[in-house]
Amino acid sequence: MPDSTPHLELFDIRKNFGLVAALNGVRCSIAHRDVVALFGRNGAGKTTLLKILALLMRPTDGHFQLEGVDARRDAADTRRHIGFISHATYLYSDLTALENLKFFGALYDVPHLEERIAQSLRDVQLWDRRHERVRGFSRGMQQRLSLARTFLHDPSLLLLDEPYTGLDPIASGMLDRLIERFHREGRTVVLTTHNLDLRLPVVNHAVVLEKGLVACDERRSRFASKDFEELFKEHVKERAE
Amino acid sequence: MFHKISNLLFFPLILLFPFSLYMVFVYAPEEATMGIIQKIFYYHVSAGWVFMLAFGLVLIGSIGYLVTQRRSWDSFAASSAELGVVFCTISLTTGPLWAKPVWGIWWTWDARLTSTLVEWLIYVAYLMLRAYVPEPTKRANLSAVFGILGALDVPIVYFSIRWWRTQHPAPVMGGGGYLDPQMRVAFFVCLATFTLLYFFLLGLRMKINEAEDEIGSLKRLAGSQA
Amino acid sequence: MLKKIARILWKDILTEFRTREMFSAMFVFALLMVVVFNFAFENAPRDSILQAAPGLLWVAFTFAGILGLNRSNAIERENMSMQALMLAPIDRGAVYLGKMLANFLFMWISELLIIPIFAVLYNYSFTAHFWPFLLILVLGTLGFSAVGTIFSGIAVNTKMRDVMLPILFLPVVVPVVIGAVETSIRVLAGEPLRGMTDWLKILVVFDVIFITVSFLVFEYVLEE
């Protein structure tokens, strides 16, 4: 894949809620295989930005391109390439695990759906309970099924909104491994977090949002955990003064 | 922008209001059978015209907002709906005032009365919807959708109620048909006055919206610096 | 796209089949209204009750429908699954159509079950003119679900969602109520459908306009 065109390019994205500006013109370029950690305080606009990228929210102004093509031009097709994880599980409680995956798999036109579902249910260790209703699942099991649901259609761009919040250790370890595998497979990941203590060695691109603007945009082959803290302090403090 | 033009309407309105009173009460002759009661017709029908105009402009404002996503269109639609409800209320209250002495009843489920009442309810619902969505962008989108669907409903409501009523004969509406030429002149003066008043108030209301927005953002600014 | 609309519909049928939440809410509520009407019209002459019967039924259907629509939304709210439907690579209008058809189906089935009970309780016969009445039932209920599906999507975003739905819904469905009641009275009195094409046209026009426009604007209801 030619790495010259960025995977995701944001042109001056703005979002106002009434007269309150959440995003003030975000510009950013994200290459293929980037694992982006998007930092920022509460209210810095992280979730808003991610929702705009997932086409859940309409920007007030600006646009973004996916593989060089305007993302909103064929919005339904763009969404086919995106996986989105938030604190909600997005599952139907009164359907079984299998039915949930079948439903979403059909909406995404996943090829060889049966085998794919079988594989992903085994991956998240829920194959034996596939005929049980989701309502009876523990929180952790629901989160695992939710992960299986997100990866079912093989997205090339994964957006995660505070993915570690509320995850139990098993699910959170699973998520780590998934993100690493994702990176190895050459895909792109954007995750938001307010937690500077991120122990994810594959992160190679850090972006700090402050008051709806990109305060810092750095790419390195590797970030150590303390680097995030330094970057954040340096850039967020400056603006507070 | 809009209110700068509409503000200019203040001067003609100052003159038009006393003039329309003169036209209605002095210039136009008294109606032979209904007497002085008939004078209400000038205001009743003018208000009726303005509320239809106002509701039509809610549709335009709503479509304008969905297409452009500009706040001014939302403000336009919202202000127009508010004024439409005010003028519709005038129409709905002056109607019974006239009906009681002439028909002997306050209200009848006549086609025009009923459809006016239903339209009034649709736009009251529109205003309630706005009042209960705190987030401005969401409010603008939702009320634009409701504004469009509500406006499309208005002609269907009108026809369904008209057919429904033709099967149950109702008192014939007065005021239609032939009008004395002097009455007609007075009526058109009244109509023009009300229409200009509507546009003047629309501009004012939109300006108030802008001011509210500004106060809101100043408050936030003050809050964030405190 | 049709296949995906059918998927959404099937998902709702499956859920409803297991929980029966929407259905039982509508059925029991409509039944209660039919029973309460009997007390309200205690002193009315029997003839006038029979004349008002189709009207009573449609009032019961309207209010029961509002209850059902509120339930239908709760299903999509539970794990924010409406957002999952928005993330899926389908037109938001297709989401609307799927939900609308599901709402239509559940309303229609609960209406069909209320009718024989009403017939027994009020000693009223539907059998002679059942098929034309069924057509009116379909047209009227389609109008309810066309408007109800998009308005309940609007109402869930407000501060008092359960109250907001009837306030938005009732004035707008006035033409459906009038048309359905008028045609039902006449059909059940033995008039052929040919004599009321104007009314059927109003019902069809209402359904077509509201389904089409809602299909087009539904994404503005969903997107933030």
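Reader: What makes about 2,800 Å² between chain B and chain C buried?
Author: Buried area is the accessible area (1.4 Å probe) that two parts lose on being put together, summed over both. For chain B and chain C that loss is about 2,800 Å², 80% of it on carbon and sulfur atoms. Of the area that chain B buries against chain C, B:Y132, B:L149 and B:I156 supply 22%, more than any other three residues. This is a predicted model: local features need pLDDT of at least 70, side-chain atom pairs count only at pLDDT 80 or more, and totals for chains, interfaces and linings use all residues. Side-chain values use heavy atoms, without hydrogens and water; residues are numbered from 1 along each chain as its sequence is written, and chains are lettered from A and ligands numbered from 1 in the order in which they are written.

Reader: How many residues does the contact take from chain B and from chain C?
Author: Contact means heavy atoms within 4.5 Å. By that rule chain B gives 30 residues and chain C gives 31 residues.

Reader: Why are β6 and β10 of chain A said to stand at the edges?
Author: Strands (E, at least two residues) and helices (H or I, at least four) are DSSP runs, numbered from the N terminus, and two strands pair if DSSP finds at least two bridges between them. The open sheet of chain A has the order β6-β7-β8-β3-β9-β10, with mixed pairing. β6 (82-85) and β10 (213-219) each have a single partner strand, so one side of each lacks a neighbour in the sheet.

Reader: What makes β3 and β8 of chain A a pair?
Author: Five bridges join β3 (residues 35-40) to β8 (residues 188-193), and the two run parallel. At least two bridges are required, so the strands count as paired. One of the bridges sets A:V36 against A:V190.

Reader: Why is the span of helix α2 of chain C called close to the expected one?
Author: The expected span is 1.5 Å times one less than the number of residues. α2(C), residues 21-40, has 20 residues and an expected 28 Å; from first C-alpha to last, the helix reaches 28 Å.

Reader: Which residues of α2(C) are buried, and why are they placed on the same side?
Author: A residue is buried under 20% relative accessible area, exposed over 50% and partly exposed in between (1.4 Å probe, protein chains only). C:M22, C:M26, C:A30, C:M33, C:V34 and C:F37 are buried. The arc is that of the directions from the helix axis to the C-beta atoms; these residues cover only 100° of it, which puts them on the same side of α2(C). Their cover includes α1 (2-19), α3 (46-77) and α5 (92-121) of chain C.
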